[in-house]
Amino acid sequence: MAIAFKQETFRDDFSYRNSPENIRRFPFPFDRDEYMYSVNMEPHVKGRKNTVYESLIDVDEHYVAEMHDRALVLKEDPLRYQALPHMMTAQWDTLELLMEEQAAGYPEHFTLTKNGDQWRWINRPLGIDDTFTFGDASTLPHEPFEYISRQAQGDFCIVDQRDGNLWMDAGMVTTQADWSLDFDIGMNFMEWHGPVPLAHQIGVFDRALKFLLNLQLGKPTRRFNWTMTINPRLDTSPENYPKWGPDRTTVTPENVGEKVHLRVELQSLWRLPRSNAILFVIRCYLMNMNELVTVPKWARRFPRVLKTLPPELIDYKGLTRFRQTTIDWLSRYDDGAPTSPGIFPD
């Protein structure tokens, strides 16, 4: 069934909202009433209908608006897209993967036709109909990775595998939670995860790196990450901190429901066929507290999670100024009843 795409904004007047149907499919990341870092990897396979797992590359009602916001970010700061010269084969791998997955999952919106190396790509929501030669970047209006990542929700990093490590050597990053592609480009796995507290001490990243170095073609994997954002702002980059950092001081008991957002990243990792690189997809979802409490299970669980966070995580995730105000606001929706296991609504 065709998706009804919304016209909305992630800046200025912040008109972004989730429909009731989109709230139910939100990837709520907590399967229990507490949270701590873990590798938490699982196979990235198709799941139940009307969830973000129905297709391996998710497209939802916010697609057109998110792609418009990405174009605005790139116009303001072209360095949000970067790719080192040796990553061209991985760029074509990524273009093929994203086109095939979008066309397979949403044939009413996307069509990919191949005739040898002559390909035709139709993106109906964005009004794109292009014919190009696969492997010849001169036949596209942008580099292949930039071309397709301007047409896919989420951020994308391509990591090269060499010397027993993973290196961030290409990225399209416009919806990030306070990290910088321009700073991290060319870094290895341990370097770009350096600022994360607690996880290094308990060996999370050592185990994750070992797991990813052995990631197999055709067997993508996924995990959740999360934080909280004030206002439905996609671009919370360090470069733009003066625009969004002060928002954290504006939360009051009266505006929690509208301003405070749970920000979830569904991260998937894919081994690429020709380059042997890994595509790291960081798909961002936003939901404000008014929307979250329409699902009773989540309304009970989320304040319990916030109460149990270690101080280091509270600080690292930038929750210090508004965490207690949010807990107090959510507490009226927690009747103390047990919550069922798992992440899905009851």
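Guide: Two strands pair if DSSP finds at least two bridges between them. The strands (E, at least two residues) and helices (H or I, at least four residues) are DSSP runs, numbered from the N terminus. The model is predicted: local features need pLDDT of at least 70, side-chain atom pairs count only at pLDDT 80 or more, and totals for chains, interfaces and linings use all residues. Residues are numbered from 1 along each chain as its sequence is written, and side-chain values use heavy atoms, leaving out hydrogens and water.

Visitor: What radius of gyration does the protein chain have?

Guide: This radius is taken over C-alpha atoms, and the globule rule is 2.2 Å times the number of residues to the power 0.38. The C-alpha atoms fill a box of roughly 60 × 45 × 40 Å along the principal axes. For 346 residues the rule puts a compact globule near 20 Å, and the protein chain agrees with this because its own value is 20 Å.

Visitor: What percentage of contacts between residues at least 6 apart in sequence join residues at least 24 apart?

Guide: A contact means heavy atoms within 4.5 Å. Of its contacts between residues at least 6 apart, the share joining residues at least 24 apart is 72%.

Visitor: How many residues of S10 are buried?

Guide: Buried means under 20% relative accessible area, with exposed over 50% and partly exposed in between (1.4 Å probe, protein chains only). Ile 278, Phe 280, Ile 282, Cys 284, Leu 286 and Asn 288 point one way from S10, while Leu 279, Val 281, Arg 283, Tyr 285 and Met 287 point the other way, and all are buried. For the whole chain the buried share is 58%. For S10 the count is 11 of 11.

Visitor: Why is strand S6 largely enclosed by the rest of the structure?

Guide: S6 (residues 155-162) pairs antiparallel with S10 (residues 278-288) over 5 bridges and with S7 (residues 165-172) over 7 bridges. S6 is largely enclosed because its buried residues number 6 of 8.

Visitor: Which residue of S10 does Cys 157 stand opposite?

Guide: Towards S7, Cys 157 has Gly 171 opposite. Asp 155 stands opposite Ile 282 in S10. The residue of S10 opposite Cys 157 is Phe 280.

Visitor: Which residue takes a positive phi in the hairpin of S9 and S10?

Guide: S9 (residues 260-271) and S10 pair antiparallel over 11 bridges, and Glu 265 stands opposite Cys 284. The hairpin of S6 and S7 has 2 residues between the strands, and Asp 163 takes a positive phi near 55°. The hairpin of S9 and S10 has 6 residues between the strands, and a positive phi near 65° is taken by Asn 276.
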